[in-house]
Amino acid sequence: MGATSFVPSHVLVGVGFVFPFMIALCLSPRPALAKDGGVTRHYTFDVKMKNVTRLCHTRSIVTVNGKYPGPPIVAREGDRLLIKVTNHIPSNVSIHWHGIRQLRSGWADGPAYITQCPIQTGQSYLYNFTITGQRGTLFWHAHISWLRATVYGPIIILPMKNASYPFARPHKEVPIVFGEWFNSDPEMIISQALQTGGGPNVSDAYTINGLPGPLYNCSANDTFKLKVKPGKTYLLRLVNAALNDELFFSIANHTMMVVDVDAVYVKPFDTDTLVLAPGQTSNVLLKAKPRNPRATFFMMARPYVTGQGTFDNSTVAGILEYAAGLGSIKQLPLLKPTLPALNDTSFVTSFTRKLRSLASNQFPANVPTNVDRQFFFAIGLGTNPCDKKNQTCQGPNGTMFAASINNVSFSMPTTALLQAHFTGQSNGVYNPNFPIIPLTPFNYTGNPPNNTMVSNGTKLVVLPFNTSVELIMQDTSILGAESHPLHLHGFNFFIVGQGFGNFDPSNDPKNFNLVDPVERNSVSVPSGGWVAIRFLADNPGVWFMHCHLEVHTSWGLKMAWLVLDGKLPNQKLLPPPADLPKC
Ligand SMILES: [Cu+2]
């Protein structure tokens with residue numbers, strides 16, 4: 001059954017999707033018509049503890065509805081979602097709908113202390129938003145501390161009713177969600193690291209749909225398997241929900257056609273291997289061999305790493321097998337893909353250069369051609385002085401690790417920024433003076449400066465409604481050059497240029513692609529390089545921007561944009577819902 005042929009979508013979800021690791025897909029059986037042509041879909045998310053065993057380690061983990069990974073959200077473009085999240089765990093919770101534009105609905109975006117106070121134990125919050133102009137795959141995840149290590153699931157956005165994909169209809173659709181498994185509690189890991197100032201412990205395994213696969217000890221029974229039929233085409237909905245690692249992904253002896261990234265169609269191209277940063281998603285078409293190849297195939301993922309810290313260098317494997325084979329699968333040869341080297345930056349560069357917007361009449365690339373405001377953000381690691389009296393810290397030279405944008409390491413407020421703004425009570429909560437360029441310019445990718453100390457503050461950039469923004473993000477070599485996947489809430493942006501070394505303001509803009517640049521919500525600032533993005537600030541609210549390597553966010557690599565209301569009634573942020581959580 002194809003993805004566009006069904007009528008009631010809950011039927012399609014049950015039949016058309018291969019989702020072997022979860023059974024109950026809680027789609028509303030009788031969705032109500034919403035005013036914009038879509039329907040309203042109701043979900044219930046109960047955040048609760050659940051014992052889960054991987055690698056022979058049993059842990060009580062935070063889950064949604066007791067599922068790991070969490071349940072998929074399935075909707076069509078134009079649908080309204082009402083998701084009631086109830087907190088049944090001892091600590092605070094909030095959920096972010098990663099990549100959803102949240103037009104005028106910033107109260108539903110989810111990052112704790114940015115757009116809302118977290119949901120406290122025993123409390124509920126109804127997230128209410130409409131999916132506008134997006135189709136593809138996104139994901140949802142917890143957005144407080146490191147809870148997203150186990151609290152995440154895919155958001156599957158189907159085309160509108162009677163609309164079709166700009167490619168042949170796939171036989172089946174399969175979410176492939178990458179994650180990281182920790183044998184110990186990730187909350188303990190990050191709280192200990194922030195105490196000592198050192199780097200946090202790394203994960204024990206990568207996972208596909210929550211399963212580490214047979215390359216780990218005590219894990220062979222926890223292997224994701226994808227059964228395909230010869231000659232059929234499968235739409236794989238890839239999500240990198242890992243905490244701290246960009247990932248390469250490849251399937252032995254099969255090429256994939258990339259058709260979409262971050263819920264935006266791209267010009268299709270074939271590849272053996274993809275690279276996905278945490279926070280990035282992609283739809284790819286996998287064409288099964290025309291005849292049963294009488295073999296099974298590993299699908300594997302392992303990290304792309306540029307930093308100097310320790311990392312989890314292990315490999316997750318799932319198995320692609322052909323249905324109705326002759327003889328038992330055990331006798332068939334098992335083929336392995338060849339993944340790029342762990343530090344293969346040239347592969348990553350050539351892969352990202354292939355990503356282009358579809359830029360068709362139906363799906364145009366609306367790149368801002370005029371720029372109202374330009375920003376230059378230097379992005380990287382740094383240090384804070386040790387805050388212990390009679391102890392050295394475990395960061396570089398006895399300091400504490402930090403990370404910053406334009407040398408500002410973001411201090412989390414204790415109340416939500418959006419509420420402070422909306423109620424006119426921002427004094428003492430945030431300053432609207434985030435530096436638009438580094439206050440002390442230096443040779444960003446040359447020898448790092450001797451002083452690596454950051455400043456600390458809660459600073460925002462304020463933008464009038466409809467400001468057209470160009471932002472250059474420049475990696476620094478402080479404590480080592482490193483690829484940083486930056487994620488912007490509330491917007492998609494166009495990646496108009498990128499390069500290595502220091503950005504050259506007189507020559508590099510000549511090569512900007514303003515015709516068909518890829519549009520997405522997360523981009524990796526290349527290790528020792530820069531990336532240029534453009535977006536139109538047409539969505540009023542407070543929008544978080546941060547590194548999606550969670551450890552760097554914890555160290556302060558984050559900031560927020562405040563986009564003011566426009567003049568027209570439909571250019572204003574809606575008032576907060578009555579059940580907005582209180583701090
Ligand atoms: Cu980073």
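Which residue in strand 18 is the bridge partner of valine 261? Keep that in mind; the tour comes back to it. The model on screen is predicted.

**Stop 1: the three domains**

Domain 1 covers 9-167, domain 2 covers 175-354 and domain 3 covers 373-571. Now show domain 1 and domain 3 together. Their centres, taken over C-alpha atoms, are 27 Å apart. At the contact between them, 15 residues of domain 1 meet 16 residues of domain 3.

Next, compare with the record. An unreviewed UniProt entry carries the annotation "domain: Plastocyanin-like" for residues 47-159, 173-323 and 441-565. Select 173-323. This span is 7% helix and 48% strand, and its end C-alpha atoms lie 16 Å apart. Then select 441-565. Here the figures are 4% helix and 46% strand, with 33 Å between the end C-alpha atoms.

**Stop 2: strand 9**

Select residues 152-158, which form strand 9. Is this strand largely enclosed or left open? Seven of its seven residues are buried, so strand 9 is largely enclosed by the rest of the structure.

Strand 4, residues 73-76, runs parallel to strand 9 and is joined to it by four bridges. Valine 74 has isoleucine 156 of strand 9 as its bridge partner. Strand 8, residues 136-142, runs antiparallel to strand 9, with six bridges.

**Stop 3**

Zoom in on strand 15 (residues 256-261) and strand 18 (residues 281-287). They run antiparallel and share five bridges. Here is the reply to the opening question: valine 261 has serine 282 in strand 18 as its bridge partner.

**Stop 3: proline 290**

Follow the chain out of the sheet. Proline 290 sits in the loop between strand 18 and strand 19 (296-304). Is proline 290 buried or exposed? It has 9 C-beta neighbours inside 10 Å, so it counts as exposed; the cut-off for exposed is 12 or fewer. Leaving aside residues up to four places away in sequence, proline 290 touches Pro230 and Gly231. Proline 290 and glycine 398 are 108 residues apart along the chain, and 60 Å separate their C-alpha atoms.

**Stop 5**

Look at strand 26 beside strand 34 (residues 558-563). The two run parallel, joined by four bridges. Leucine 460 has alanine 560 in strand 34 as its bridge partner.

**Stop 4: alanine 560 and the core**

Stay on alanine 560. Not counting residues up to four places away in sequence, it touches Ile114, Leu417, Leu460, Val542, Trp543, Phe544 and Met545. Which residues have the most contacts inside the largest nonpolar core? They are Ile533 and Ala560, and that core has 160 residues. In soluble globular proteins, nonpolar side chains tend to be buried together.

Key
Residues are numbered from 1 along each chain as its sequence is written. This is a predicted model: local features need pLDDT of at least 70, side-chain atom pairs count only at pLDDT 80 or more; totals for chains, interfaces and linings use all residues. A nonpolar core is a set of buried Ala, Val, Leu, Ile, Met, Phe, Trp, Tyr and Cys residues joined through C-beta atoms within 7 Å. A residue is buried if 20 or more other C-beta atoms lie within 10 Å of its own, exposed if 12 or fewer, and partly exposed in between; C-beta atoms are placed from the backbone. Two residues are in contact if their C-beta atoms, placed from the backbone, lie within 7 Å. UniProt positions are given in the numbering used here, feature names are shortened, and annotations may be inferred rather than shown by experiment. Two strands pair if DSSP finds at least two bridges between them. Domain bounds come from an automatic or database domain assignment.
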